[in-house]
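Thank you all for coming, and please have the sequence and the model open while I talk.

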Amino acid sequence: MSELQFDFEIIHKINEFKEISKEEILELAESAPKKILFDTASRIRDKQKGRTVSFSKKAFFNIINLCRDTCSYCTYKAEPTDAKLSLMGKQTIKELAILAKKYNCTEALFVTGERPEQKYSEAKKWLKDEGFSSTSEYLIHCSEMVLNEGIFPHTNAGNLTKSEMKELQKTNASMGMMLENSSPRLREIGMPHYDAPSKDPNARLNILKNSGELKIPMTTGILVGIGENMEECIQSILDIKELYDKYGNIQEIILQNFHPKPKTSMFQQSTPEEDYFKTVVALCRIIMPDANIQIPPNLSPENYHEFLSVGINDWGGISPITSDYVNPEFSWPNIQNVEKKCNDSGFSFKARFPVYPEFISLVNNDLKQRISLIADEENYVKESYWK
């Protein structure tokens with residue numbers, strides 16, 4: 001279908017906030033004039049979220065990067081003999097938390113490989129030497145440590161059980177787990193998740209369901225450009241929307257653009273074309289008008305500000321002191337530069353906590369009190385959290 005044949009009644013329905021079908025969303029992706037599609041997404045964002053773009057000032061705690069999975073695009077995973085191996089002991093974690101506090105960070109992003117103790121004897125021994133039998137036990141302890149230093153944990157450790165999440169909920173202001181894509185095709189032979197059982201879509205959707213039942217403020221999202229097609233992107237967003245509507249706890253959708261990495265089997269694959277990625281972002285805003293939607297600015301270093309025109313309202317976590325250990329070749333932008341780009345584009349720029357203001361009601365009372373104290377100390381926009 002050409003743009004001249006495109007049914008503009010779909011745009012009218014969107015502007016009236018009427019439900020549109022998956023078939024109509026596909027028609028938008030394939031046939032809508034890009035300017036109209038992007039302007040529609042931007043207009044929805046302005047109406048539903050305003051023109052304030054937020055971010056979380058964080059420190060990245062690369063707890064343990066051994067992993068039982070092997071994804072075709074990943075360079076985060078280490079082997080026991082690698083120079084990049086990270087095994088953060090308790091003292092190192094405490095020291096980084098103290099440094100993070102000094103730099104006025106409020107988020108401790110805890111990232112680990114997927115249950116490394118199940119594959120690596122080195123991980124099992126290291127955990128035992130630290131006094132723990134599993135990665136999740138160690139995460140629970142470390143969460144308490146950094147919280148005592150005044151930093152709020154946000155744990156992203158893969159496929160945690162419901163009971164593990166319930167324990168972490170006591171100290172974590174929010175948690176995260178990327179869906180990446182809900183298509184089972186991506187787990188077939190030769191596809192990026194073939195050797196990554198934890199990336200089974202049903203398992204990941206079930207974890208998001210568990211987070212909803214536990215009422216944990218949850219971050220999820222999709223990875224764009226790993227071999228999926230547009231329909232699979234749309235279906236993945238619709239699957240997230242179903243959980244968002246049912247449980248009301250998904251606080252943020254990350255849309256992350258793939259970049260090929262050396263020494264991986266997907267090194268020859270290209271990063272997604274800009275129009276394709278922007279279309280996915282715009283469609284996400286149209287499908288989920290009230291959601292918080294972010295792209296990582298370090299993964300679009302030359303033009304991240306352009307995504308303000310396709311419907312995002314957040315940059316996610318930005319660190320002044322640690323690398324992005326998942327994408328170490330992409331440095332975080334300077335926070336002042338991000339603010340300037342937002343202001344130059346007609347947006348205000350605000351810090352937030354790892355839990356968004358509208359999800360603070362899901363957090364336990366102890367964490368609410370701690371957040372309130374820091375909001376006072378650091379002049380965070382307190383009314384945003386307690387209105």
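This is a predicted model: local features need pLDDT of at least 70, side-chain atom pairs count only at pLDDT 80 or more; totals for chains, interfaces and linings use all residues.

Let me begin with two strands, β1 and β8, which pair in the parallel sense over 3 bridges. If you want a place to look for that pairing, take K57, whose bridge partner in β8 is I318. Strand β8 covers residues 314-318, and because 5 of its 5 residues are buried, the strand is largely enclosed by the rest of the structure.

Staying with strands, I turn to β3, residues 152-156, which is mostly covered, with 4 of its 5 residues buried. Strand β2, residues 107-112, runs parallel to β3 and is joined to it by 5 bridges, and within this pairing F110 stands opposite T155. Strand β4, residues 174-176, also runs parallel to β3, here with 2 bridges between them, and the bridge partner of T155 in β4 is M175. To get from β3 to β4 the chain passes through helix α7, residues 162-168, and this β-α-β crossover is right-handed.

Which residues of helix α2 are buried? They are E24, I25, L26, E27, L28, A29 and S31, and since these make up 7 of the 10 residues of the helix, which spans 22-31, α2 is largely enclosed by the rest of the structure. The elements that cover those buried residues include α1, α3, α9 and α10.

Now to the aromatic side chains, where the count comes to 10 aromatic pairs. One of them is F55 with F349, a stacked pair with 4.7 Å centre to centre and 0° between the planes. F55 lies in strand β1, residues 52-64, and F349 in strand β9, residues 348-352, so this pair ties together parts of the chain that are 294 residues apart in sequence. F55 is buried, with a relative accessible area of 5%, and F349 is buried as well, at 11%. Another pair is that of Y73 and F258, whose ring centres are 6.5 Å apart and whose planes stand at 80°, so the pair is edge-to-face. This pair, too, links distant parts of the chain, 185 residues apart, with Y73 in the loop between β1 and α4 and F258 in the loop between β6 and α10. Both Y73 and F258 are buried. There is also an aromatic cluster, formed by W126, F132 and Y138.

The next residue I would ask you to find is N249, in the loop between α9, residues 230-247, and β6, residues 250-257. Is N249 buried or exposed? Its relative accessibility is 1%, so it counts as buried. What does its side chain reach? It makes a polar contact with the side chain of S211, at 3.0 Å, and a polar atom of the N249 side chain also lies 2.7 Å from the backbone oxygen of I216. If we leave aside the neighbours within four places in sequence, the residues in contact with N249 are S211, G212, I216, P217, M218, F359 and L362.

F17 has a phi of about 55° and is found in the loop between α1 and α2. With a relative accessible area of 35%, F17 is partly exposed. E180 has a phi of about 75°, and its place is in the loop between β4 and α8, the latter being residues 201-214. E180 counts as buried, because its relative accessibility is 10% and the cut-off for buried is under 20%.

Notes: Residues are numbered from 1 along each chain as its sequence is written. Side-chain values use heavy atoms; hydrogens and water are left out. Buried means under 20% relative accessible area, exposed over 50%, partly exposed in between (1.4 Å probe, protein chains only). A polar contact is a pair of N or O atoms within 3.5 Å; within protein, one must be able to donate a hydrogen and the other to accept it, and residues adjacent in sequence count only if both atoms are side-chain atoms. Contact means heavy atoms within 4.5 Å. Two strands pair if DSSP finds at least two bridges between them. A crossover is right-handed if, with the strands pointing away from the viewer, the path from the first strand over the helix to the second runs clockwise. Rings of Phe, Tyr and Trp (its six-membered ring) pair if their centres lie within 6.5 Å; planes under 30 degrees apart count as stacked, over 60 as edge-to-face and the rest as tilted.
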